[in-house]
Amino acid sequence: MARENTSRRLAAILSADVVGYSRLMGKDEAGTLSALRNHRAELIDPAIAEHSGRIVKLMGDGMLVEFASAIDAVECAVAIQQGMAVRNAKVPDERMILFRIGINLGDVIIEGDDIFGDGVNIAARLQELATPGAVIVSGTIFEQVDGKIDQSFADLGNQQIKNINKLVRTYSIDLANEISAGEQHPLLDMAGGGKVPVTGGCLCGAIRYRISGSVLDTNFCHCRMCQKFCGAPVSVGSTYHANAVHFTKGEPKYYRSSPFAERGFCPNCGSSLTYRAVLPAVSPAWADWILIYTGCLDNPVPNVPTWHLGVESQMPWLDIQHARKRVRCQDSPDIVEAWAAFHLPVP
């Protein structure tokens, strides 16, 4: 029997919680509550109001917020996470307050000021999947905002959500666009609670390298040369300053794949390792850098690709929803300039 005052509507739902709330309260209950109040008053509540959101309910360690617009919901979440990153910059790790945020667009049941239903449940489950400081959105949100906001997304694939009888497509927002590459990908990786150098090498171990500088850029490449070199429909490469990569065991063998660039590989196991300019560089844009094929890093996880190159050769059966920026080789000024220097068209 239908209840009075019950109705339905489509809404974008933001679910957020505080990471390690019980631990924070156990260490300093008064300080944690005071910090949360300040974060809400100075950042979170103003961001929600600015993006026309409605706080549905507050829990001790989180909140549920409703938006009429998917774009408003995502931009609000980004503003909160970026604002918290700034506010946490000088806070000791053990006192730092971090949020996880999940956002879903779906049908919700309205009862008074509260909302219920799968639309709400999915947002809460996505929030549980998010890492500290991150935002994860559902496919329904992604479809509404892709190309309409200045953010890149990583496709996390279909997820089995607890108590939901269908797979949910999920995407994480690449918040690294707003910070420097050095902050996004520190020189030192974390392993076992300690810091270790960034290292990598080939499959058989005959070639090893160590990296002494921060990554400049990481991108997908779909061009036919990279497809053939790596034997894969798409490759991922991380660019570093040329003098930051030091080979500590063995040396790659190089194949000159174009008049201005050469590719390094292991002559023993065939692993694809590097892409670099032939010296003297054809132009300043081709000087002082080396690309490491990201898969040969010992820990490639932190090097998140943020754009696609060579999309003219993308395999039609390959989904490239990750990262909104997509560039054809013939539309890349650096590549066009390099081939033109040898009076050749971009292949």
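The model is a predicted one, in which local features need pLDDT of at least 70 and side-chain atom pairs count only at pLDDT 80 or more, while totals for chains, interfaces and linings use all residues. Residues are numbered from 1 along each chain as its sequence is written, and side-chain values use heavy atoms, with hydrogens and water left out.

The C-alpha atoms fill a box of roughly 75 × 45 × 35 Å along the principal axes. The secondary structure comprises eight helices and 20 strands; these are DSSP runs numbered from the N terminus, helices being H or I of at least four residues and strands E of at least two. Of the 347 residues, 44% are buried, where buried means under 20% relative accessible area, exposed over 50%, and partly exposed in between (1.4 Å probe, protein chains only). Contact means heavy atoms within 4.5 Å. Among contacts with a separation of 6 or more, 63% are between residues 24 or more positions apart.

In soluble globular proteins, nonpolar side chains tend to be buried together. A nonpolar core is defined as a set of buried Ala, Val, Leu, Ile, Met, Phe, Trp, Tyr and Cys residues joined through side-chain atoms within 4.5 Å. The largest such core holds 38 residues, and Val74, Ile103, Val137 and Ile141 touch the most other members. Helix α3 (residues 70-87) gives the most to this core, with eight residues. Leaving aside neighbours within four places in sequence, Ile103 is in contact with residues including Ile13, Leu14, Val74, Val137 and Ile141. Apart from this core lies another, of 19 residues, among them Cys221, Cys223, Leu309 and Val327.

Grid points are joined across faces, edges and corners, and a volume is the space filled by probe spheres set on the points. There are two cavities of 30 Å³ or more.

Of its 32 lining residues, Tyr275, Trp286, Trp289, Leu309 and Ile335 are the closest to its centre. The largest share of the lining, four residues, comes from β13.

Some backbone features remain to be noted. The peptide bond from Leu279 to Pro280 is cis, with omega near 0 degrees, and Pro280 is found in the loop between β17 (272-277) and β18. Ser52, in the loop between α2 (29-50) and β2 (54-59), has a positive phi near 60 degrees although the residue is other than glycine. Ser52 is exposed, with a relative accessible area of 55%. His343, in the segment after α8, likewise has a positive phi, of about 55 degrees, and is not a glycine. His343 is exposed, with a relative accessible area of 73%.

Conventions
On a 1 Å grid over the protein atoms alone, a cavity is a set of points where a 1.4 Å probe fits but cannot get out, and a pocket is an open set with protein on both sides within 12 Å along at least five of seven lines; lining residues have an atom within 4 Å of a point.
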